[in-house]
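Subject: Structure handover

Hello,

Here is the structure we spoke about. Please look it over first, then read the notes below.

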Amino acid sequence: MEILKDLVDGFSVFVQYTGFANLTIGHLLMLIVGSCFIYLGIAKEYEPLLLVPIGFGILVGNIPFLESAGLSLGIYEEGSVLNYLYFGVLKGIYPPLIFLGIGAMTDFSTLISNPKLMLLGAAAQVGIFLTFITALALGFTPQQAASIGIIGGADGPTAIFLSSKLAPELIGAIAIAAYSYMALVPVIQPPIIKLLTTKEERRIKMKPPRSVGKTERILFPIVGLLLTTFISPGGLPLLGMLFFGNLLKESGVTKRLAETASRPLIDIVTILLGLTVGASTQATTFLTPQSILIFVLGAVSFMIATAGGVLFAKVMNIFLKGDNRLNPMIGAAGVSAVPDSARVVQHLGLKEDKTNYLLMHAMAPNVSGVIGSAVAAGILLSFLMQII
């Protein structure tokens with residue numbers, strides 16, 4: 001009988017430790033959300049390199065377990081494997097490494113050939129600052145408001161970098177929101193672009209960009225680094241790595257380093273970043289009214305940024321004549337979701353006119369949006385670190 005009693009007690013303890021015994025509605029909701037991310041990534045091919053790791057991370061982070069048992073399993077439990085991997089997010093280590101890879105993959109030629117398009121990248125950052133003001137009005141602290149506003153740049157690494165410095169308590173919600181909106185660019189941007197442009201404007205053909213020489217391409221990352229970091233030293237970790245990666249690419253003498261930065265390194269960091277950001281949505285910590293409000297504000301910020309770029313392109317057209325006029329749709333690519341925003345513009349352009357190829361033109365504001373959001377993050381960081 002004693003053996004039977006021990007077996008029953010052991011089975012009872014086993015049941016207490018199972019996921020079924022610790023399942024909450026919050027866990028169930030997040031498991032559904034994670035499954036949706038994986039579905040969108042695989043079936044719809046919406047940014048699969050982001051949505052699949054994040055979606056699976058959400059599943060990993062929301063497997064219920066007895067949190068009071070001290071098993072060191074969850075991402076927020078000190079000593080767990082996930083907690084160690086999450087360190088790179090919390091301390092802002094992963095974002096600069098992602099920027100190194102982006103720099104090594106990016107061709108800035110169209111921006112160099114037509115530098116006035118950089119204004120579109122700057123105009124799209126209006127969403128960041130308007131949402132910053134809105135978040136302040138809703139009761140967030142200046143540091144939290146800045147971290148939420150940067151979601152409008154549609155740049156996940158920059159959002160994580162800034163929130164790790166200013167509002168680490170919100171980093172999970174901000175990271176998920178930023179990467180979600182990056183992945184949903186093909187869904188969110190087209191209606192806004194169509195609403196703000198006429199059919200005639202969407203059919204505007206732009207003249208081909210001029211050819212850019214090797215010397216210009218090599219000088220660009222050096223001049224770009226000096227110019228942007230002198231204006232915004234707070235963005236140095238991001239801007240420094242971005243331009244360093246681009247110099248590796250354009251110099252022509254460091255191909256092995258450029259290939260490592262643009263392929264294996266960025267892939268490894270993307271896996272770690274996506275998985276841990278997803279796992280940070282552990283229902284017992286993540287699901288709060290504040291997280292939902294951050295999602296709403298992030299969406300508003302992203303939509304304002306898209307509209308800001310399109311409207312500013314229309315304003316520029318008032319002063320431009322003939323074949324110098326811009327197709328205002330390329331203004332939407334001023335957010336820094338590279339190259340998805342540019343692809344959206346290309347797709348919309350071809351739908352209106354099958355001979356109108358806008359991808360190269362849209363890449364100019366798109367890459368300037370990467371620089372612009374990093375500069376904006378640096379400015380906010382420098383300003384707000386003084387009042388922490």
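A word on residue classes first: Ala, Val, Leu, Ile, Met, Phe, Trp, Tyr, Cys and Pro count as nonpolar, Asp, Glu, Lys and Arg as charged, and the others, Gly among them, as polar. This is a predicted model, where local features need pLDDT of at least 70, side-chain atom pairs count only at pLDDT 80 or more, and totals for chains, interfaces and linings use all residues. Residues are numbered from 1 along each chain as its sequence is written, and side-chain values use heavy atoms, with hydrogens and water left out.

Overall build

The protein has 21 helices and zero strands. Both are DSSP runs numbered from the N terminus (helices: H or I, at least four residues; strands: E, at least two). The radius of gyration is 23 Å, close to the 21 Å that the globule rule gives for 388 residues, so the protein is as compact as a globular protein of that length. That radius is taken over C-alpha atoms, and the rule is 2.2 Å times the number of residues to the power 0.38. The C-alpha trace spans about 95 × 45 × 45 Å along the principal axes.

Pockets

Rolling a probe the size of a water molecule over the atoms shows where empty space is left. The search uses a 1 Å grid over the protein atoms alone. A cavity is a set of points where a 1.4 Å probe fits but cannot get out. A pocket is an open set with protein on both sides within 12 Å along at least five of seven lines. Lining residues have an atom within 4 Å of a point. Points are joined across faces, edges and corners, and a volume is the space filled by probe spheres set on them.

The largest pocket has a volume of about 900 Å³. Its lining has 33 residues, and Glu47, Leu49, Val338, Pro339 and Asp340 lie nearest the centre. By class, that lining has 20 nonpolar, six polar and seven charged residues. Several helices supply at least two residues each, among them α4 (48-61), α6 (94-105) and α20 (340-352). α17 gives the most, with seven residues.

The second largest pocket holds about 440 Å³ of space. It is lined by 21 residues, with Met118, Leu227, Thr228, Ile371 and Val375 closest to its centre. Two or more residues come from each of α7 (109-113), α8 (118-123), α15 (214-231) and α21. The largest share is from α15, at seven residues. The lining divides into 14 nonpolar, six polar and one charged.

Cavity

How many cavities of 30 Å³ or more does a search of the whole structure find? It finds one. The volume of the largest cavity is about 40 Å³. Asp107, Phe108, Ser109, Ile112, Arg217, Phe220, Asn246 and Glu250 line it. α7, α15 and α16 each give two or more of these residues. Three are nonpolar, two polar and three charged.

Helix packing

Axes here are lines fitted to C-alpha atoms, for helices over the stretch in contact, and angles run from 0 to 180 degrees between N-to-C directions. Angles under 35 degrees count as roughly parallel, over 145 as roughly antiparallel, 65 to 115 as roughly perpendicular and the rest as oblique. Contact means heavy atoms within 4.5 Å.

α12 and α13 pack at about 65°, with axes 5 Å apart. That makes α12 roughly perpendicular to α13. Tyr181, Met182 and Ala183 in α12 meet Val185, Pro186 and Ile188 in α13. The residues of this contact are six nonpolar, no polar and no charged.

α15 and α16 (residues 236-251) pack at about 170°, their axes 9 Å apart. The two are therefore roughly antiparallel to each other. The contact includes Arg217 and Phe220 of α15, and Asn246 and Glu250 of α16. Its residues divide into nine nonpolar, six polar and three charged.

α10 (residues 142-149) and α11 (residues 156-166) pack at about 175°, with axes 9 Å apart. That makes α10 roughly antiparallel to α11. Gln143, Ala146 and Ser147 of α10 make the contact with Leu162, Ser163 and Leu166 of α11. By class, this contact has three nonpolar, three polar and no charged residues.

Best wishes
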